[in-house]
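Here's a quick briefing to read with the model open beside you. Take a look at the fold, then work through the points below.

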Amino acid sequence: MAHTILSTYDSLPLTGDADGSGHPSTDSTPITHPGSPLIASAPEKARQIGGPEAFFTLLRGNWGIGMMAIPYMLQQGAVCGGVILFCLSMALTQFSILRLIEVKRTVQKEAAAGHPTVGEKPDPALCGRDVDGNAFDYANVMKWAVGRPVEYISIASIVLSMWGSCVAYLRFIKDNMTAFATPGMDQTQSEFMWMGVALIPIMALAAFDNLDFLAPASVAGVVVGVAFVAVLLGDVVHDTSTDDVVNYFANYSDFTFPNTPLVVSISAFCNEGVVVLSLDLHSTAAAPHRVGLYSFLCLLAFSALYLLVGIAGCLRSYTTHGGRVAADISADLDPHRVADRVAVVLYAVQLIPTFAVVYYCGYSTVERTWCRSVGIPRRGKAWGLFYKRWAVLARWAGIASAAAMALAHINFAELLALVGAFATSMTVYIIPHWAWLQVHRHRAGGAAKFASAVAALTGVAVAVVGTGKAVQDLLD
């Protein structure tokens, strides 16, 4: 079966966007790489991702396990302060995406013209048509814009953050399906059973090579996720009186910021997927000039859904636990209530396509870098020889390591904060603005440079302070 699935990629084309528009090239001219034999691209054209699919893919990549920690995050930020910090982090993320796209366009134009940027000079033979149709993914843009060391830093940050996210997804599925779906079963047996059930579709989805194959799963995942929000909100509205709402906000709606690094770090944890995916979509979307709009709409919908769940979770905890909010909202839900059981199962199910999209960001980054280093395309027969033998096994090994880590017991919220503070801050807040400042140092005005410098320094502050606090809390 695996051989049948994987063999479908042998005929996929090499496409690119040498003109800087983001549209794939239909040119089938052979590509060369220094020190490698001539590699011919196939004449077929890869499917482009339409607007709705692009929106849902970005939303799916952004909508992970962080929603479960949003009530805790808001409570740590004294609700109003938490809402403000969350919205500011979303605005900063959109700013980073726009800067990234601008860097990509600039690097594309200079690469096509054969002009070096600040970083490593691109090989003109590979400009616009890379080893899998995307010469301008996140890591490669950083190499060409800033230099090879930053490329390696970005790869490490992406892999660490994505792997940490996948651990959190499996941890949630294992713990909560055991507690809510099979509460009467032996805990150890139930945990291993649900881990195995989750790994079957996850490993199957990891066999796919390209983002467009995961787009339908992204749409289905968003539908299930919205169903979770509807069930939770409906239950809270049914059980919460007007007096409860008034009393809650009277006690907690101040504007203090007692745990700013933790709040911003958890917010950052949610956003790496949409930032990394934005460059992939800019190369594969049918309307690449609208990717900035797609990301804005994605973050707007994402923020609305997350804040609804966050406030609902805080109200639920106030009425049932006297205001104490658990790091994972599922800990405040009751396995004996039908609505709570349905909500948790829906959330666990929607994490499976999220895992696929987020994990794709990690393994595609590594594989593209490897293919570029050896000069083979990540599509067609040359890639198929490697792919069928080793690539899927390596992906499955990564999934197995995440599953093993998920079976360990680590504080949920602090794990999110630790990963978000370091790896995600690098990818979302620091590296994009660093690259933009390098590429546009002689072109941009003072105000634009100042804005990116402030954004990058904000990321540094979150990374340093948030990482230190998260490590201390984990050790405690």
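Of this protein's 476 residues, 57% count as buried, meaning under 20% relative accessible area, with exposed being over 50% and partly exposed in between (1.4 Å probe, protein chains only). Keep in mind that this is a predicted model, where local features need pLDDT of at least 70, side-chain atom pairs count only at pLDDT 80 or more, and totals for chains, interfaces and linings use all residues. Residues are numbered from 1 along each chain as its sequence is written, and side-chain values use heavy atoms, leaving out hydrogens and water.

**The whole protein**
- You'll find 16 helices and zero strands here; these are DSSP runs numbered from the N terminus (helices: H or I, at least four residues; strands: E, at least two).
- Among contacts (heavy atoms within 4.5 Å) with a separation of 6 or more, 83% link residues 24 or more positions apart.
- The accessible surface is about 17,800 Å², and carbon and sulfur atoms make up 68% of that; the areas come from the Shrake-Rupley method with a 1.4 Å probe, and for residues only the protein chains shown count as cover.

**Helix α5**
- Helix α5 spans residues 138–145, and eight of its eight residues are buried.
- Those buried residues include Y138, W144 and K143.
- After α5 comes G147, with a positive phi near 140°.

**Residue D209**
- Look for D209 in the loop between α7 (187–205) and α8 (211–239).
- D209 is buried, with a relative accessible area of 0%.
- D209 and R378 sit 169 residues apart in sequence, yet their C-alpha atoms are 8.4 Å apart in space.
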